[in-house]
Amino acid sequence: MRPLTSRRVLWICAVLCAVLLLAVVIALRMGAYSIAVGDIVMTLVNGALGRRERIPSEFWLVVFGLRLPRIALGILVGAALSTAGAGFQALLRNPLADPYVLGVSSGAALGAILSLIAAPHTPGAIQATAFAGALATIAAVYFLGRRGGQIDSATLLLAGIVTASFLSAVIMFLMTTLSGRDLRGMAFWLMGDLASPPAVDLRWLYFLLIVGVGSMYTTASDLNLILTGEQEARHLGVNVSRVKLVVYVAASVLTGLAVSVSGAIGYVGLLVPHLMRMIFGSDYRLLIPASAIGGAILIVIADTLARTVVAPTELPVGAMTALAGAPVFIYLMRRRVR
Amino acid sequence: MRRCYRRAIIAVLAGALVFTAAPWATRAATQTDAVHPAARVVTDEVGRRVVLPPEIKRVVTLAPNLTETLYALGLGDRLAGDTNECDKPAAAKTKPHVGEPQNPSLEAITALHPDLVLATTSINRIETAVALERLGIPVYTSDPHTVRDMLDSTARLAKLLGAGPQIEEIVPRLHERLAAVRARLADEPVVHVLFVVWEDPLITIGQHTFPADELLWAGAESVVLSKQNWPQLSLEEVVRLQPEYIVFAGHGSENAATELADLRARAIWKDLRAVQMGHVVDIGEEAVRPSPGLVDAVEHLALALHPDAFPDKSDTEKSKPE
């Protein structure tokens with residue numbers, strides 16, 4: 001593998017961004033309402049210039065009201081989950097780690113179900129309580145997973161898995177005993193759903209995403225050293241406990257962010273970091289941005305498939321991420337084994 | 001060197017932020033659409049404000065019961081689209097579909113240019129209504145909990161859709177039919193039934209559901225008293241409760257004879273008193289759909305559970321004891 005230069009990182013990211021842009025254009029074109037590519041370009045150009053009166057109102061609704069917000073949400077969720085997955089895989093030194101392994105999604109699901117019980121008809125409540133549930137779980141797992149005042153990967157993993165099982169059991173209990181309540185939203189939530197745009201302004205969510213990915217990125221060089229061995233990293237002057245704390249908090253908050261707006265979309269956080277490792281190597285200085293963009297690409301493609309394969313019926317995007325990602329994953333894995 | 005990476009990445013991400021923020025900035029400014037001068041403003045059954053266009057010609061329904069209600073009012077020609085689940089009447093199946101009631105495609109709905117979208121709390125999600133309203137498509141949500149509620153709701157819809165006086169008489173007719181059933185059953189004892197919504201796992205009804213209210217109108221009562229809407233029941237509990245009749249809903253077959261033969265071949269079930277006496281009734285899916293079809297279901301149930309009260313009709317009764 002060639003040495004990693006900042007130039008190479010930027011080039012790869014630029015290429016990935018171009019792929020993402022292509023995916024966005026395809027996603028904008030596809031859907032139950034058919035619009036020609038030329039009309040989409042016209043709508044986008046006029047929309048960007050603020051000339052709404054030149055756009056037929058239907059095009060405006062479909063492009064700016066429906067498809068763009070959904071694509072923007074997909075990019076957010078995909079980037080957050082993949083970056084979180086890459087972070088957890090390094091932190092726990094476990095290739096099977098995904099964003100949900102430490103119970104963040106279960107905590108968010110419990111928050112969501114409590115809001116459906118307390119205030120079933122309040123838009124936005126489910127996202128707020130889901131995020132609160134995710135944060136509470138992050139804190140609980142952190143305090144359970146410490147050993148000698150520091151994060152210990154093995155203890156943290158066990159604490160997370162036990163917390164996740166416990167919370168899942170509570171969710172199953174609530175869903176069974178409260179079967180009369182309006183828990184319809186819950187099924188969608190557990191499968192992952194991009195159809196309902198969150199009540200919060202997306203710009204705030206993107207701000208959180210940038211803070212999360214950015215703070216994870218500051219640890220990239222140190223993570224590379226830690227992955228060769230914690231002792232060695234310490235000797236080289238890396239503050240291992242601080243790096244672990246930053247990765248843990250950043251990855252957890254990113255997961256909580258994604259889960260609370262879209263529910264638990266599966267596989268992205270597991271598949272994408274491994275895909276990027278296979279293609280670009282395991283240097284975290286490249287792996288973190290590549291995973292973020294790669295995750296966004298996968299979700300945009302998967303959600304486009306989910307919307308269109310059996311239109312107008314919409315499939316759960318979680319099923320589509322595996323359907324779109326797994327074959328690529330297997331291909332790359334076999335190619336490497338050979 | 002490291003700082004260089006960071007700067008580059010932050011620049012890329014910041015660029016992405018600006019790129020995605022642009023459409024929202026313009027969208028927020030244009031959100032306040034002027035209300036049409038001839039528009040009507042009504043409050044729907046969940047307390048949401050709905051701005052209706054002066055004339056409602058194209059309606060999209062998001063639930064099977066709403067589709068049935070529209071057809072029952074004779075307004076099937078105004079139905080522009082419905083869901084994949086809307087199978088009654090047969091004409092509803094040929095309308096353009098917009099997906100599943102719980103997760104319809106907002107795009108497909110937009111493409112049908114509806115003047116009004118009808119939703120109901122018993123199957124649709126609040127998120128769908130909120131999202132459609134953001135797109136400027138009015139959504140009226142109905143929220144009936146009893147047979148009477150359903151009739152009131154149907155009357156409101158008839159008025160909302162600007163149906164003529166001829167159509168507004170449909171609901172009073174339904175009230176009369178219910179009153180007639182009640183008059184017939186005045187001296188009949190209450191029958192205790194097990195209402196089976198789903199067989200495996202065994203799901204029955206709670207006190208606050210449509211079928212529970214329907215049973216009361218038909219001179220019957222569920223043997224299960226539960227505050228849960230769709231409680232799961234163990235077979236052991238059924239043996240203990242020994243219902244006088246077993247009512248199946250939503251099987252589509254509406255054939256009590258095959259259902260009975262099936263139950264008589266099954267362990268435990270075959271030893272239930274109701275099964276041995278042939279007290280098995282199968283009513284269609286309309287029994288659990290809050291539409292005017294509920295009145296048919298009430299009549300059907302009353303006839304099946306109290307054949308003696310309808311001496312003139314009992315020859316057509318389906319689950320006659322042997």
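This is a predicted model: local features need pLDDT of at least 70, side-chain atom pairs count only at pLDDT 80 or more; totals for chains, interfaces and linings use all residues.
Local features were considered at pLDDT of at least 70 and side-chain atom pairs only at pLDDT 80 or more, whereas totals for chains, interfaces and linings use all residues. Residues are numbered from 1 along each chain as its sequence is written, with chains lettered from A and ligands numbered from 1 in the order in which they are written.

The domain assignment of chain B, with bounds from an automatic or database assignment, gives domain 1 (40–168) and domain 2 (188–316). The C-alpha centres of the two domains of chain B lie 30 Å apart. Contact (C-beta atoms, placed from the backbone, within 7 Å) involves 12 residues of domain 1 of chain B and 11 residues of domain 2 of chain B. On the domain 1 side, helices H2 (64–72) and H5 (147–160) of chain B each supply at least two residues; helices are DSSP runs of H or I with at least four residues, strands are runs of E with at least two, and both are numbered from the N terminus. H2(B) gives the most to this side, with 5 residues. The residues of the domain 1 side divide into 5 nonpolar, 6 polar and 1 charged, where Ala, Val, Leu, Ile, Met, Phe, Trp, Tyr, Cys and Pro count as nonpolar, Asp, Glu, Lys and Arg as charged, and the others, Gly among them, as polar.

An open sheet of 4 strands in chain B has the order S4-S3-S7-S8 with parallel pairing; two strands pair if DSSP finds at least two bridges between them. Strands S4 (79–81) and S8 of chain B form the edges, each pairing on one side only. Neighbouring strands are turned by 35° against each other on average, direction ignored. Axes are lines fitted to C-alpha atoms, for helices over the stretch in contact, and angles run from 0 to 180 degrees between N-to-C directions. Strand S7 (residues 116–120) of chain B pairs with S8(B) over 4 bridges in the parallel sense, and Thr120(B) stands opposite Ser142(B) in S8(B). H4(B) lies across S7 and S8 of chain B, at about 160° to S8(B).

Pro138(B) is found in the loop between helix H4 (126–134) and strand S8 (139–142) of chain B. Pro138(B) has 24 C-beta neighbours inside 10 Å and therefore counts as buried (20 or more other C-beta atoms within 10 Å; exposed, 12 or fewer; partly exposed in between). Beyond residues up to four places away in sequence, Pro138(B) touches Val50(B), Val51(B), Leu52(B), Leu116(B) and Val117(B).

Strand S9 (residues 191–196) of chain B pairs with S10(B) over 3 bridges, with Val191(B) opposite Ala220(B).

In chain A, the axes of helices H3 (residues 57–91) and H12 (residues 268–280) come within 7 Å and cross at roughly 70°. H3(A) and H12(A) are therefore roughly perpendicular (65 to 115 degrees; under 35 is roughly parallel, over 145 roughly antiparallel and the rest oblique). The residues of this contact divide into 7 nonpolar, 5 polar and no charged.

Methods: Two residues are in contact if their C-beta atoms, placed from the backbone, lie within 7 Å.
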